[in-house]
Amino acid sequence: NTIFHRVVPGFVAQGGGFITGYVAKTPGTDLGGAIKLETNVGVSNVKYTIAMARTSVADSATSQFFFNSVDNSATLDYKTAADPGYAAFGRVISGQATVDKINAEPQLYSGAETPATEVLLYWAIQLK
């Protein structure tokens, strides 16, 4: 029951921060607070991977996540301790066409990162 509130064509589709009606979720309520950033562990931000969104503070991820719509490894992977990247933690193995459709949603207005139509994620399963 989260919407994709930020969709940047050719980059990412981000959700986990809002519910239907663009009502903000309280950060950290799903996890009990921010989690430690885990990058440089061999998982890369390639197309169809799932990663944690965060602020500019490394250990600030809570409930927001994103699907990499393209290979973002050059810009979003770990480089140095000062440029730690974003933690990829899984990949879409069924439903890749859905990720592509979300990424192709028309924007609210030209240059917006908000889809014109609310895209709701109401279930997902972990296979491993």
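## Close-up views of a predicted model

**View 1. The hairpin of β1 and β2.** In this hairpin, three residues lie between the strands, and Gly 10 adopts a positive phi near 75 degrees. Strands here are DSSP runs of E with at least two residues, helices are runs of H or I with at least four, and both are numbered from the N terminus. This is a predicted model, in which local features need pLDDT of at least 70 and side-chain atom pairs count only at pLDDT 80 or more, while totals for chains, interfaces and linings use all residues. Residues are numbered from 1 along each chain as its sequence is written, and side-chain values use heavy atoms, with hydrogens and water left out. β1 runs antiparallel to strand β2 (residues 12-15), and four bridges join them; two strands count as paired if DSSP finds at least two bridges between them. Val 8 has Val 12 of β2 as its bridge partner.

**View 2. Strand β1 and its pairing with β8.** Strand β1 (residues 2-8) is largely enclosed by the rest of the structure, because six of its seven residues are buried. Buried means under 20% relative accessible area, exposed means over 50%, and partly exposed is in between (1.4 Å probe, protein chains only). Strand β8 (residues 120-121) pairs with β1 in the antiparallel sense over two bridges. Here Thr 2 meets its bridge partner, Leu 121.

**View 3. Aromatic pairs, with Phe 66 and Tyr 86 in focus.** The structure holds four aromatic pairs. Rings of Phe, Tyr and Trp (its six-membered ring) pair if their centres lie within 6.5 Å; planes under 30 degrees apart are stacked, over 60 edge-to-face, and the rest tilted. Phe 66 and Tyr 86 make an edge-to-face pair, at 6.1 Å centre to centre and 70 degrees between the planes. The pair links distant parts of the chain, 20 residues apart: Phe 66 is in strand β6 (residues 65-68), and Tyr 86 is in the loop between α1 (73-76) and β7 (88-91). Phe 66 counts as buried at 5% relative accessibility, whereas Tyr 86 is partly exposed at 25%. Look also for Arg 54, which lies over the face of Tyr 86 at 4.2 Å from the ring centre; the criterion is NZ of Lys or CZ of Arg within 6 Å of the ring centre and within 35 degrees of the ring normal.

**View 4. A cluster of rings.** Phe 4, Phe 65 and Phe 67 are linked into a cluster by ring pairs.

**View 5. Tyr 122 after β8.** Tyr 122 sits in the segment after β8. With a relative accessible area of 59%, Tyr 122 is exposed.
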